Amino acid sequence: MKHEKRKYLIQFLLKLSLICSGILVALLMTAWLLGIHYNNTPSVPTGFYQRISASITKGSYVEICPPNREPFLTAHRYGYIKVGSCPNQMRFLLKKVAAMPGDTISITEKGLTINGKYYPNSVPLSEDLYYHSFDHFFIKDYQLKENEVLLMGENPASYDARYFGLLPLSDVISVMKPVWIFY
């Protein structure tokens, strides 16, 4: 009798795990169809973000596929940019728009200023945790052109414009809205 109960319990647990797995797959497929992505990188808060139809504005979170050029290729080799679904097999990057066309920026060893105001947590690092030295993108009193954008992370260790520089607005895939953030 004991053996019979154990058999039914195991069958029940197997069926339950299959049902739960099916529900999880359905939820993930639905999220993907709704343009919801999970971010677990340290650049911006961990959580779920949804693609939205909105204009790019200062402070927006945006998604980009890293261009197939230096310094992104080096960042990919070092593991800052993981393998992903972009055409060049890199993972999309989620960053915050810090400066837009018309803004005047300076990036120095002391950090980033935008229109004369210091941007928090922007002092460039000289090397990563594995002692790889970083190439820096330093620029002084530069006014962004009509097609340029400056993207930053919110974490001092983020791989952002301090290292890869300015990007054309056309590199932005979409604006992303935080849906569920874990702090």
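Is Arg 51 buried, partly exposed or exposed? Arg 51 has a relative accessible area of 38% and is therefore partly exposed. These values come from a predicted model.

**Salt bridges**

The structure holds five salt bridges. One of them joins the side chains of Arg 51 and Glu 63, at 2.8 Å from N to O. Arg 51 belongs to strand E2 (residues 46–52) and Glu 63 to strand E3 (residues 61–64), so the pair ties together parts that are 12 residues apart in sequence. Glu 63 is buried, because its relative accessible area is 1% and the limit for buried is under 20%.

A salt bridge also forms between the side chains of Asp 103 and Lys 58, at 2.9 Å from N to O. This pair links distant parts of the chain, 45 residues apart: Asp 103 sits in the loop between strand E4 (93–99) and strand E5 (104–108), and Lys 58 in the loop between E2 and E3. Asp 103 has 9% relative accessibility and so counts as buried, whereas Lys 58, with a relative accessible area of 45%, is partly exposed.

In the salt bridge of Arg 77 with Glu 70, the closest N and O atoms are 3.7 Å apart. Arg 77 counts as exposed at 59% relative accessibility, and Glu 70 is partly exposed at 41%.

| Arg 51 | Glu 63 | 2.8 Å |

**Asp 160**

Asp 160 lies in the loop between strand E9 (148–152) and helix H3 (161–164). Its relative accessibility is 0%, so Asp 160 counts as buried. The side chain of Asp 160 makes a polar contact with the side chain of Arg 162, at 2.7 Å. Leaving aside residues up to four places away in sequence, Asp 160 touches Leu 151, Met 152 and Gly 153.

**Nonpolar cores**

Leu 151 is also one of the residues with the most contacts inside the largest nonpolar core, together with Ile 105, Leu 112 and Leu 150. That core has 32 residues. Beyond residues up to four places away in sequence, the contacts of Ile 105 include Leu 112, Ile 114, Ile 139, Tyr 142, Leu 150 and Leu 166. Ile 105 also touches Lys 140 and Asp 141. A second, separate core has seven residues, among them Val 44, Tyr 49, Cys 86 and Phe 92.

Technical notes: Residues numbered from 1 in each chain as written. Predicted model: local features only at pLDDT ≥ 70, side-chain atom pairs only at ≥ 80, totals over all residues. Heavy atoms only, no water. Helix = DSSP H or I, 4+ residues; strand = E, 2+ residues; numbered from the N terminus. Buried < 20%, exposed > 50% of the residue type's maximum accessible area, 1.4 Å probe, protein only. Polar contact = N/O pair within 3.5 Å; in protein donor to acceptor, adjacent residues only side chain to side chain. Contact = heavy atoms within 4.5 Å. Core = buried A, V, L, I, M, F, W, Y, C linked by side-chain atoms within 4.5 Å. Salt bridge = Lys/Arg side-chain N within 4 Å of Asp/Glu carboxyl O.
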